[in-house]
Amino acid sequence: MIKIGIAGKPNSGKSTFFKSATLIDIAIANYPFTTIDANHGIAFVRSICPCTELDTRCGHCKDGNRFTPIEMIDVAGLVPDAHQGKGLGNEFLDNLREVDAIIDVIDASGSTDEYGNIVGIGRYDPLKEVDFIERELSMWLYNIIHRDWNKISRKMRMDGLNVFFDKLASLKINRQDTIDLINKMDLPDEVYRWSDEELMRFSNQLIKKSKPILIVANKVDITPEENIEKLKRLKDKGYNVVLTTAEGELALRLAEKNGIIKYIPGDKDFEILNIKKLNKKQLNALNLIKDIMRKFGGTGVQEAINTVVFNLNMIKVYPVENEKKWTDKNGNILPDSFLLKRGSTPRDLAYQVHSEIGESFLFAIDARKNVRVGENYELKENDIIKIVSTK
Ligand SMILES: Nc1nc2c(ncn2[C@@H]2O[C@H](COP(=O)(O)OP(=O)(O)OP(=O)(O)O)[C@@H](O)[C@H]2O)c(=O)[nH]1
Ligand SMILES: [Mg+2]
């Protein structure tokens, strides 16, 4: 399963974002370093369920909206020079070794400084946050490589790049991304000759390529218009930015759980089901969220999760055992959905279902077309696949 890391400066709303996505009860508070040990949970990507093409609903989606699981971790806040151990330091950055992508939650309202201290709305420039977090991430990567550089470069001189790839594999950075970047950047061909400055430049590009960063501009409910415009302009500079109110999403998710509203994560609006259950304060709070959602087209939390996964070039595929009815052997319609890297084959899907099925894979059937496909078939978004194996 892919894993998304939530990073950012202290007090920006990382844990609120995490809790709104996972509904795991964790500490949230208006001061820096509320989170010390990382929180782990499951969040979901939203898409249209293929059962909407059938006469019956599958029972695994909400009104035709399917939620496919991904792993999420919420880490301690990062401050300038965290890579040198400042704040809670680099040990916490190491939680990001295992992630496929990073969500950098920034405080769009500018009401907290880089250390998470409250300074008042509009007092801190959120663009500074974007820069320093990117720098911390690239310096963290640089330090990990640089620490062993003498040994690595000596080995590379003798045996080629494999030792470098292995080192990066321990950070979930794949060989192809690394090769592509070496070829693209204007750096000496002999990697073992790279200077510190060259390795630093490389690390800065590699972190962005191998763990794509999405900027989540949070607290839009209290953000001055000027900051909204500034953050929107970041998109023109090539950054991925989604505006959110994590606090709003959390309130909606909890209200939905308590039967107060009808809301599916990612909806642009919600409906109050039982107005009598609400006191005046609660009703006002919900109405404020409604206004914000109208302005921004939703709370942004689901959009952020979907964007991260889309940027990773993932597709959703549905394994079934009965290719005519799209069911498993117990008659459950479209029981599972899996996220796979674009370019994956039916055998890759078989391995995700179970390693034994992967090992004993024979061929697959495209259930939409009812045709047999071979092991080199490239799976497409929304494919429904029966795997035939000897097991
Ligand atoms: N107005 C507003 N406040 C928010 C929003 N999201 C979070 N907050 C508030 O921001 C404060 C910090 O939230 P946390 O989720 O604990 O922040 P964090 O980034 O995890 O903080 P650390 O763990 O200390 O690094 C809390 O008071 C939240 O209620 C939002 O969308 N709007
Ligand atoms: Mg936290």
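**Figure 1. Lys-262 and Asp-63 form a salt bridge in this predicted model.** A salt bridge here is a side-chain nitrogen of Lys or Arg within 4 Å of a carboxyl oxygen of Asp or Glu. Lys-262 belongs to strand β7 (residues 261-262), and Asp-63 sits in the loop between β2 (39-48) and β3 (65-74), so the contact ties together parts that are 199 residues apart in sequence. Helices (H or I, at least four residues) and strands (E, at least two) are DSSP runs, numbered from the N terminus. Lys-262 is partly exposed, at 39% relative accessible area. Asp-63 counts as exposed, at 53%. Buried means under 20% relative accessible area, exposed means over 50%, and partly exposed lies in between (1.4 Å probe, protein chains only). Residues are numbered from 1 along each chain as its sequence is written, while chains are lettered from A and ligands numbered from 1 in the order in which they are written. In this predicted model, local features need pLDDT of at least 70, side-chain atom pairs count only at pLDDT 80 or more, and totals for chains, interfaces and linings use all residues; side-chain values use heavy atoms, with hydrogens and water left out.

**Figure 2. Lys-3 and Glu-98 are joined by a salt bridge.** Their closest N and O atoms are 2.5 Å apart. The pair links distant parts of the chain. Lys-3 is in strand β1 (residues 3-7), and Glu-98 is in the loop between α2 (90-93) and β4 (101-107). The two residues are 95 residues apart. Lys-3 is buried, with a relative accessible area of 11%. Glu-98 is partly exposed, at 31%. The model holds 21 salt bridges by this rule.

**Figure 3. Arg-97 and Asp-94 meet through their side chains in a salt bridge.** The N to O distance is 3.7 Å. Both partners are partly exposed: Arg-97 at 25% relative accessibility, and Asp-94 at 28%. Elsewhere, salt bridges with shared partners join Lys-3, Glu-71 and Glu-98 into one network.

**Figure 4. Two side chains coordinate the magnesium ion, ligand 2.** The donors are OG of Ser-15 and OG1 of Thr-35, at 2.0 to 2.1 Å. Donors are N, O and S atoms within 2.8 Å of the metal (3.2 Å for Na, K and Ca). Water is not among the atoms, so sites may look incomplete. Ser-15 is in helix α1 (residues 14-22), whereas Thr-35 is in the loop between α1 and β2. They are 20 residues apart, and the pair links distant parts of the chain. Both Ser-15 and Thr-35 are buried.

**Figure 5. Ligand 1 is surrounded by 23 residues.** A residue counts as near when one of its heavy atoms lies within 4 Å of the molecule. The closest are Lys-14, Thr-16, Thr-34, Asp-221 and Glu-247. Several polar contacts are shown, each a pair of N or O atoms within 3.5 Å. A polar backbone atom of Phe-33 is 2.8 Å from an oxygen atom of ligand 1. For a polar backbone atom of Ala-29, the distance to a ligand 1 oxygen is 3.2 Å. Thr-35 takes part through its side chain, with an N or O atom 2.9 Å from an oxygen of ligand 1. Taken alone, ligand 1 exposes 660 Å², and the protein buries 93% of that. These areas come from the Shrake-Rupley method with a 1.4 Å probe.

**Figure 6. Strand β9 (residues 314-320) is mostly covered.** Of its 7 residues, 7 are buried. Both faces are covered. On one side are Met-314, Lys-316, Tyr-318 and Val-320; on the other are Ile-315, Val-317 and Pro-319. Strand β9 pairs with β10 (residues 338-341) through 4 bridges, and the two run antiparallel. Two strands pair if DSSP finds at least two bridges between them. Ile-315 has Leu-340 as its bridge partner in β10. Another 4 bridges join β9 to β13 (residues 383-389), and these strands run parallel. There, Pro-319 is partnered by Ile-385 of β13.

**Figure 7. Asn-11 and Lys-172 have positive phi angles.** Asn-11 is not a glycine, yet its phi is about 70°. Asn-11 is found in the loop between β1 and α1. Asn-11 is buried, with a relative accessible area of 12%. Lys-172, also not a glycine, has a phi of about 60°. Lys-172 lies in the loop between α5 (162-169) and α6 (175-184). Lys-172 is partly exposed, at 38%.

Note on methods:
A polar contact is a pair of N or O atoms within 3.5 Å; within protein, one must be able to donate a hydrogen and the other to accept it, and residues adjacent in sequence count only if both atoms are side-chain atoms.
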